[in-house]
Amino acid sequence: MTQKHVLHLQKGTNVQLKKIEQKLDIGVVDYHVMQNYSDLNQASLDSGKPYTDLEVTEDYTLRQFDESIDPIELLWHRDDEDRVVEIVGDTDWMLQLDNSLPTSLQERIFIPRHKWHRVIKGTGILKLKIYKNGEL
């Protein structure tokens, strides 16, 4: 009985197969589109970054994340060099590495080159000392 019902449904179904061809789309890139992309990927005085670099030396960068930042701005990202991150002061902000649970910033954290990571917002201002190339 079940087979007859299935066959009956199959008889009433019309399927039209149509080959879809891919088309190569070549066009001109709009300057404004490229400028928006460029603005997101280049540092400037008003870089749009979710942080402010307070001090930059050969050894480290002192970076501050403001308490009014929207957590959605704290994106997953990768860096081109090894880093050691050290907290300045006390905070409940956290750092999350790819395939790991969020971790407290109370101890120094090593972030390998090209490892996906993000900052998770806590309360107050976050100040970090970031040592590039993993050197203290």
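Let's call it a contact when heavy atoms come within 4.5 Å of each other. With that in hand, here's a walk through the chain.

First, the ground rules. This is a predicted model, so local features need a pLDDT of at least 70 and side-chain atom pairs count only at pLDDT 80 or more, while totals for chains, interfaces and linings use all residues. Residues are numbered from 1 along each chain as its sequence is written, and side-chain values use heavy atoms, with hydrogens and water left out.

How confident is the predictor? pLDDT, its confidence in each residue on a scale from 0 to 100, averages 79 over the chain, and 65% of the residues score at least 70. Residues 29-45 are the stretch to treat with care: pLDDT stays under 50 there, and the model has four contacts for them beyond four places in sequence.

Now the layout. Among contacts with a separation of 6 or more, 65% link residues 24 or more positions apart.

On to the sheet. Strands pair if DSSP finds at least two bridges between them, and three of them form an open sheet in the order S5-S4-S7, with antiparallel pairing. Strands S5 (103-104) and S7 (117-120) stand at the edges with a single partner strand each, so one side of each has no neighbour in the sheet.

Setting aside residues up to four places away in sequence, methionine 94 touches Pro102, Thr103, Ser104, Leu105, Arg118, Val119 and Ile120.

Glutamine 96, also in S4, counts as buried at 11% relative accessibility. What does its side chain do for polar partners? A polar contact is a pair of N or O atoms within 3.5 Å; within protein, one must be able to donate a hydrogen and the other to accept it, and residues adjacent in sequence count only if both atoms are side-chain atoms. The side chain of glutamine 96 makes one with the side chain of arginine 118, at 2.7 Å, and one of its polar atoms lies 3.0 Å from the backbone oxygen of serine 100.

Finally, the interior. Buried residues make up 24% of the 136 in the chain. A nonpolar core is a set of buried Ala, Val, Leu, Ile, Met, Phe, Trp, Tyr and Cys residues joined through side-chain atoms within 4.5 Å; the largest has 15 residues, and those with the most contacts inside it are Phe65, Trp93, Leu95, Leu105, Leu126 and Leu128. S3 (83-87), S4, S6 (109-111) and S8 (126-132) each supply at least two residues of this core, with S8 giving the most, three.

Terms used: Helices (H or I, at least four residues) and strands (E, at least two) are DSSP runs, numbered from the N terminus. Buried means under 20% relative accessible area, exposed over 50%, partly exposed in between (1.4 Å probe, protein chains only). pLDDT is the predictor's confidence in each residue, from 0 to 100.
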